[in-house]
Amino acid sequence: MTSTYGENAEQWANRALLCSSWQRSEEQVAIRTINNLLRRQITPQIAAATIATSYEARVKSDRDDVWFLWTALCDAIHHLGDTIENLVLLAKMVRCISKLPNVLDENGDPIIRKTKAQMYWRDVPRFAYCFSETAIEYPYLEDLDRGLGLKRDSTFRKLLNANVFGALYLLELDPDGSRYDFQYTRNLARDHLMFALELASETHNQVRRTEIFLPPAAMWILIAGRNIHKYCELDMDYQGEDVYQCWVGGEHGSELTFLGKDGYSIDRWTFWRTRFEQISVLEGLDSDVMQYAIQAAESMKKIEQEPEVA
């Protein structure tokens, strides 16, 4: 679907309803429901129930493909995410879907998607994977027009909107809920911070690459920094190994510069904060990116200084 910015929810819905990928009745209901939600006509709870009800017959009939539901949602995130309140509502809606009663088969047993053994709707099947594959798309250096400025480049704006949503969704997730969704989104946060901060930024093209990767990484800190700091305190996702040292980032990447243990850790948190500080003073850095780096470093310092909550 053609990217259009400055449109409202109704304009987005009118275009989305004509998209060839979303002509099934279930996706049509989902698009209209998202439109009503973002126009503040219904609550996230009602939106979640409406969408789940629409898909229940498909799920029960073993045609449990909800992929196009999530692609429609990702498109709304891309096009309507410049208003953070929209992203908050969409994140709450997905969280509400996960709290809905289990969909049961004819024997009264919960229906579980065979791949990854995900339960409807507790595990929001395929959403986290679809989000990472569909909504998170980094532009190539040669495609990013520096003359427009990062904030005005449509590909970059979609990327930034998606990462803001990801951070908001991480805040919504309950560790006692879907372990799959919580782990997948938590790993997504770590990966974005790693790709932005653990690669060298020495050559011209490495600095350009940092300009693209840093603002999305900063949003994870600015929105979900306290959660991420807690993961670091708990050494979450530590597998007993050091970070595997390899070349990352393609032609304009480098070997990883963090030499500590894998997963989250306080050492890694400190390394990320230091890198935000270092990048903020890089010569030739885009001024908007510089502000993202400064704000993220300051936010991390404040979080470190906060008293521990018993």
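The paragraphs below go through a predicted model, from the chain as a whole to its aromatic side chains and its nonpolar core.

The chain contains 11 helices and 4 strands. It has 310 residues, and 54% of them count as buried. Its exposed surface comes to about 14600 Å², of which carbon and sulfur atoms supply 48%. Among contacts with a separation of 6 or more, 69% are made by residues 24 or more positions apart.

The structure holds 12 aromatic pairs. One of these is formed by W70 and F127: the ring centres are 5.1 Å apart and the planes stand at 65°, and because an angle over 60 degrees is counted as edge-to-face, this pair is edge-to-face. W70 belongs to helix α4 (residues 67-80) and F127 to helix α6 (residues 127-135), so the pair ties together parts that are 57 residues apart in sequence. Are these two residues buried or exposed? Buried means under 20% relative accessible area. W70 has 0% relative accessibility and therefore counts as buried; F127, at 1%, also counts as buried.

A second pair consists of Y231 and Y264. Their ring centres are 5.4 Å apart with the planes at 65°, so this pair too is edge-to-face. Y231 is in helix α9 (residues 204-233), while Y264 is in the loop between β4 (254-255) and α10 (266-279), and the pair links these distant parts of the chain, 33 residues apart. Both tyrosines are buried.

R209 lies over the face of F213, 3.8 Å from the ring centre. In another case, the charged end of K261 sits over the ring of Y238, at 4.7 Å from its centre.

The last topic is the nonpolar core. The largest one has 94 residues. Which residues have the most contacts inside it? They are W70, W121, F131, F165, I228 and F276. Helix α9 gives the largest share of this core, with 14 residues.

Leaving aside residues up to four places away in sequence, F276 touches L193, L197, L214, A217, A218, I221, A293, A296, A297 and M300.

Notes
Residues numbered from 1 in each chain as written. Predicted model: local features only at pLDDT ≥ 70, side-chain atom pairs only at ≥ 80, totals over all residues. Heavy atoms only, no water. Phe/Tyr/Trp six-rings, centres within 6.5 Å; stacked < 30°, edge-to-face > 60°. Helix = DSSP H or I, 4+ residues; strand = E, 2+ residues; numbered from the N terminus. Buried < 20%, exposed > 50% of the residue type's maximum accessible area, 1.4 Å probe, protein only. Lys NZ or Arg CZ within 6 Å of the ring centre and 35° of its normal. Core = buried A, V, L, I, M, F, W, Y, C linked by side-chain atoms within 4.5 Å. Contact = heavy atoms within 4.5 Å. Areas by Shrake-Rupley, 256 points an atom, 1.4 Å probe, with all protein chains shown as cover.
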